[in-house]
Amino acid sequence: MNLEKTRILVYILAVILYSNVAYSRSLSHNGFLTAGFSQTDNEISFIGVTDEMNFSDLSLIGIQTTFKPSEGPFQFVTQLLARGNQGWDVDAEWAYVGARLTDSFEFQVGKVRAPMFMISETLDVGITYPWIRPPEELYGFNNIPFTTINGLKFKYRNEGQYFDYDLLIYGGENPEETVTSNGLEYLIVLKIAGIEANFVRDNFKLRLSYHDAYDLFLDFAAELAANPTLATLFAGYPNGIIESNSTFSTLGLDYNDGRFLLMAEVGQRKVRENSTNVNWFVTVGYQFGRFLPHLTHSVINITEVETNGTINNEQQSTILGVKISVTPAIVVKAELSHTHVPDIPDDSLAAGLFDALPVLVSFEDDKVNMVNLAINMVF
Amino acid sequence: MNLRSLLLFMVYVFCASVPVIATAGVAVIVHPDTNIQEADADSIKRLYLGKTSKVLGIKLNPVDQAEGNAIRDEFYEKVVEKDASQLKAYWAQLIFTGGGSPPSSVNNDNAVKQLVSSKTNAIGYIDSSLVDSSIKVVFIAN
């Protein structure tokens with residue numbers, strides 16, 4: 001954590017403590033924490049993990065402060081997040097003003113979570129879902145390379161005769177942000193709009209969403225300048241900028257009656273006139289007292305390949321895990337996963353989600369096993 | 001001590017070591033002047049999960065009991081159909097998405113009774129053996 005960010009954190013904590021005295025009835029603090037361990041059996045990095053013990057990739061801590069004035073519909077929410085794999089630098093993951101104008105209508109303005117997936121909103125709060133790592137094939141940065149936007153969300157909810165439903169419309173942009181995919185750093189420039197609908201009845205939830213990233217650029221010009229071997233791989237992008245304007249559609253199902261658990265979600269990402277991939281997972285589980293054993297199958301399926309060359313990320317994983325409720329606020333999880341990058345005829349660009357470029361290493365028909373252990377807590 | 005006596009002793013020790021907290025049932029209560037005579041479990045469940053703010057068209061503020069109270073666990077298992085861990089995960093989902101916060105809680109049955117008997121827009125739950133004329137029962141879970 002650098003000095004400047006430490007100062008910011010100390011300042012924010014001081015504000016919180018002072019404010020807590022002045023507005024104790026209006027201010028609430030909540031937090032979440034994950035401490036975890038990961039290791040694979042492959043020396044090449046796979047989603048940030050190698051065959052060496054890794055205690056930082058999963059670990060994170062988040063503090064959320066909500067200030068709700070005693071009068072009026074507004075609330076002010078800040079969520080500070082520090083991740084082990086980012087050197088514990090503190091970032092404001094969320095910072096928005098929200099208002100519930102009526103029982104049915106609310107909005108949020110500011111830095112908010114991009115509602116791409118079924119569990120996007122609680123992606124960092126491990127206690128709310130069964131896995132240690134939500135299925136990387138769908139939820140990974142390789143598929144959707146951002147999690148937050150600066151923008152607006154409008155939500156309408158109502159109770160129907162047969163089910164409750166809510167509709168969410170949002171739009172915004174991503175502040176320039178660097179992400180890593182297949183070992184390559186990209187700068188993202190993004191404008192996006194979308195719609196989401198949820199239908200809930202008893203223990204069953206159906207979610208549909210559609211997103212249009214109408215202005216999306218992945219800029220790796222700096223990497224290209226530094227590493228000439230990339231020029232061959234990305235011959236179609238001599239300037240080091242990939243225009244990835246995309247649409248993304250999802251369908252998700254969630255059933256949890258307290259015993260039986262079923263989760264399934266599929267997302268189709270269509271990069272205009274270039275490529276299409278359909279990524280999905282299915283999870284089943286059964287609660288035995290404090291124990292929730294679960295099994296997941298998760299797939300990246302490229303259905304339409306770009307002609308001028310990009311990395312092929314096809315792979316599939318099977319994940320066997322257990323979530324153990326130690327107390328209501330603390331869970332322990334263990335997971336074993338097996339991932340296979342298929343042998344794709346006439347395609348030397350297969351890389352799955354390995355953190356290296358296929359021009360440097362051949363990943364075809366490669367396999368990787370991973371063990372993950374984690375403690376999730378909310379407070 | 002023969003084998004039979006030893007077994008009886010062990011059964012006695014086991015039974016004595018298991019905390020037995022029995023309640024007569026959970027009574028869901030409102031102020032006597034509140035215009036609700038009877039509520040169904042589903043309406044109460046939805047209210048306590050923050051899915052609605054009304055029961056039979058009347059806006060009510062749910063009052064919870066402190067975590068760890070036996071009557072709280074009984075209420076959530078029988079009426080809301082969630083155990084303590086599932087409930088924590090449910091509220092974590094809402095809290096960390098700005099989607100809502102759990103009902104405010106008080107320490108025990110007597111505090112719930114005192115609060116509900118003084119506010120016409122409050123609803124709470126207590127051990128049904130503690131019901132008296134200061135409050136009105138709208139649902140009982142046995």
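1. In chain B, B:A41, B:I44, B:K45 and B:Y48 of α2(B) are in contact with B:F75, B:Y76, B:V79 and B:V80 of α3(B), contact meaning heavy atoms within 4.5 Å. The residues of this contact divide into seven nonpolar, no polar and one charged, where Ala, Val, Leu, Ile, Met, Phe, Trp, Tyr, Cys and Pro count as nonpolar, Asp, Glu, Lys and Arg as charged, and the others, Gly among them, as polar.

2. The model is predicted, so that local features need pLDDT of at least 70 and side-chain atom pairs count only at pLDDT 80 or more, whereas totals for chains, interfaces and linings use all residues. Residues are numbered from 1 along each chain as its sequence is written, chains are lettered from A and ligands numbered from 1 in the order in which they are written, and side-chain values use heavy atoms, with hydrogens and water left out.

3. The axes of α2 (residues 41-48) and α3(B) come within 9 Å and cross at roughly 120°; the axes are lines fitted to C-alpha atoms over the stretch in contact, and angles run from 0 to 180 degrees between N-to-C directions.

4. Within α3 of chain B (residues 70-80), the buried residues include B:F75, B:Y76, B:V79 and B:V80, buried meaning under 20% relative accessible area with a 1.4 Å probe and protein chains only. The helix is followed by B:E81, whose phi is positive, near 60°.

5. Chain B has five helices and eight strands, taken as DSSP runs of H or I of at least four residues and of E of at least two, numbered from the N terminus. Of its 142 residues, 44% count as buried.

6. A search of the whole structure finds one cavity of 30 Å³ or more, a cavity being a set of points on a 1 Å grid over the protein atoms alone where a 1.4 Å probe fits but cannot get out. About 120 Å³ of space lies in the largest cavity, and of the 15 residues that line it, with an atom within 4 Å of a point, the closest to its centre are A:I47, A:E136, A:S317, A:I319 and A:S337.

7. The second largest pocket, an open set with protein on both sides within 12 Å along at least five of seven lines, has a volume of about 1400 Å³. Its lining comprises 18 nonpolar, 18 polar and twelve charged residues, and β7(A) gives the most, with eight residues.

Key: Grid points are joined across faces, edges and corners, and a volume is the space filled by probe spheres set on the points. Buried means under 20% relative accessible area, exposed over 50%, partly exposed in between (1.4 Å probe, protein chains only).
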